[in-house]
Amino acid sequence: MEEKNMAEVLEKAEVLIEALPYIQRFNRKIIVVKYGGSAMIDEELKKHVIQDVTLLKLVGFKPIIVHGGGKEISKWVEKSGMEPVFINGLRKTDEATMEIAEMVLNRVGKSLVTLVEELGVKAISISGKDGGLLKVQKKYSQGKDIGYVGEITEVDPKILYDLLEKDFLPIVCPIGLDEQFDTYNINADDAACAIAKAVQAEKLAFLTDIEGVYKDPQDKNSLISELTVNEAKELLASGNIGGGMLPKLNSCIDAIMNGVSRVHILDGRIAHCLLLEIFTNKGIGTAILGEKETKFYHE
Ligand SMILES: NC(=[NH2+])NCCC[C@H](N)C(=O)O
């Protein structure tokens, strides 16, 4: 073999070898992936995400996808002759909007199932209604009634354990029932976080439209690769954090304080961001680690 080819081949082997300790460490472990943002809208990116999650499944991890509706809900609300209304970033959800949201989210779930099945893995899409997975109460936005928007009060993960045990890849959309059995829409980040806590996931990964957490939100060269949970708390307390990142970082801290080992904030616009984060030492986004976790990232 030519020297150049030999080097290339070796490089490929090294990539696989770098993945080895992670394959070992995360084998049989639950990894919750919050799937949303651009990676849901762009068909190519969608394919990459599904390939990544399917690969995680096939090497022995137990991924669970929690997805939002992307722009689909607004599109269908508009198609029905209504105006999408947002109050403090939350969708005002009257009865008609809730009906549309539920139809759209269930449909998105089935479309993800189809993509996973195409790759030869068995998937099942459910909503938080199924098996009593997500119980909610009505949420108010700074005292304002915003309709059927729910905050999670209880998670019963039995349905997820059952699906995982039977080797299915669970795909969950963020809808839940309240005590009166009314249907509510839930923020997908919150749903992913609550599920990761309930199943004591090894990892929770957020696919977002941002590279990760920046030291200085104005400086796009200041991406932070790793943070301990205490460092994350300090960063929050310093107030030097971009608006959109604030709730996200709060969720990360909440997840880690409640038993999730690592949370990753990833740029879903980068093809195969999940594989690049999980199977390499340096990753590509921001990893937030529990205090007990040693920083196992090598230069
Ligand atoms: N953004 C980072 N520094 N990521 C490090 C990732 C390390 C390892 N691959 C993991 O999944 O835990």
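Visitor: Which residue just after α9 takes a positive phi?
Guide: That residue is G259, with a phi of about 105°. Please keep in mind that this is a predicted model.

Visitor: And how many residues does α9 itself have?
Guide: Helix α9 has 13 residues, numbered 245-257. From first C-alpha to last, α9 reaches 18 Å, close to the 18 Å expected at 1.5 Å a residue.

Visitor: Which residues of α9 are buried?
Guide: They are M245, K248, L249, S251, C252, I253, A255 and I256. Their cover includes the helices α7 and α8 and the strands β11, β13 and β14.

Visitor: Turning to α3, what happens at its start?
Guide: A side-chain oxygen of D42 reaches to within 2.9 Å of the backbone nitrogen of E44.

Visitor: And what follows α3?
Guide: G60 follows, and its phi is positive, near 110°.

Visitor: Now the ligand, please. Which residues come nearest?
Guide: Of the 15 residues around the ligand, the nearest are S225, R262, E277, I278 and T280. A side-chain N or O atom of S225 is 2.7 Å from a nitrogen atom of the ligand. E277 also places a polar side-chain atom 2.7 Å from a ligand nitrogen. I278 uses a backbone N or O atom, 2.8 Å from a nitrogen atom of the ligand.

Visitor: How much of the ligand's accessible area does the protein cover?
Guide: The protein covers 100% of the 350 Å² that the ligand has on its own.

Visitor: How do the shell residues divide?
Guide: There are 4 nonpolar, 6 polar and 5 charged residues.

Key: Residues numbered from 1 in each chain as written. Predicted model: local features only at pLDDT ≥ 70, side-chain atom pairs only at ≥ 80, totals over all residues. Heavy atoms only, no water. Helix = DSSP H or I, 4+ residues; strand = E, 2+ residues; numbered from the N terminus. Expected span 1.5 Å × (residues − 1). Buried < 20%, exposed > 50% of the residue type's maximum accessible area, 1.4 Å probe, protein only. Contact = heavy atoms within 4.5 Å. Polar contact = N/O pair within 3.5 Å; in protein donor to acceptor, adjacent residues only side chain to side chain. Near = heavy atom within 4 Å. Areas by Shrake-Rupley, 256 points an atom, 1.4 Å probe, with all protein chains shown as cover. Nonpolar A, V, L, I, M, F, W, Y, C, P; charged D, E, K, R; others polar.
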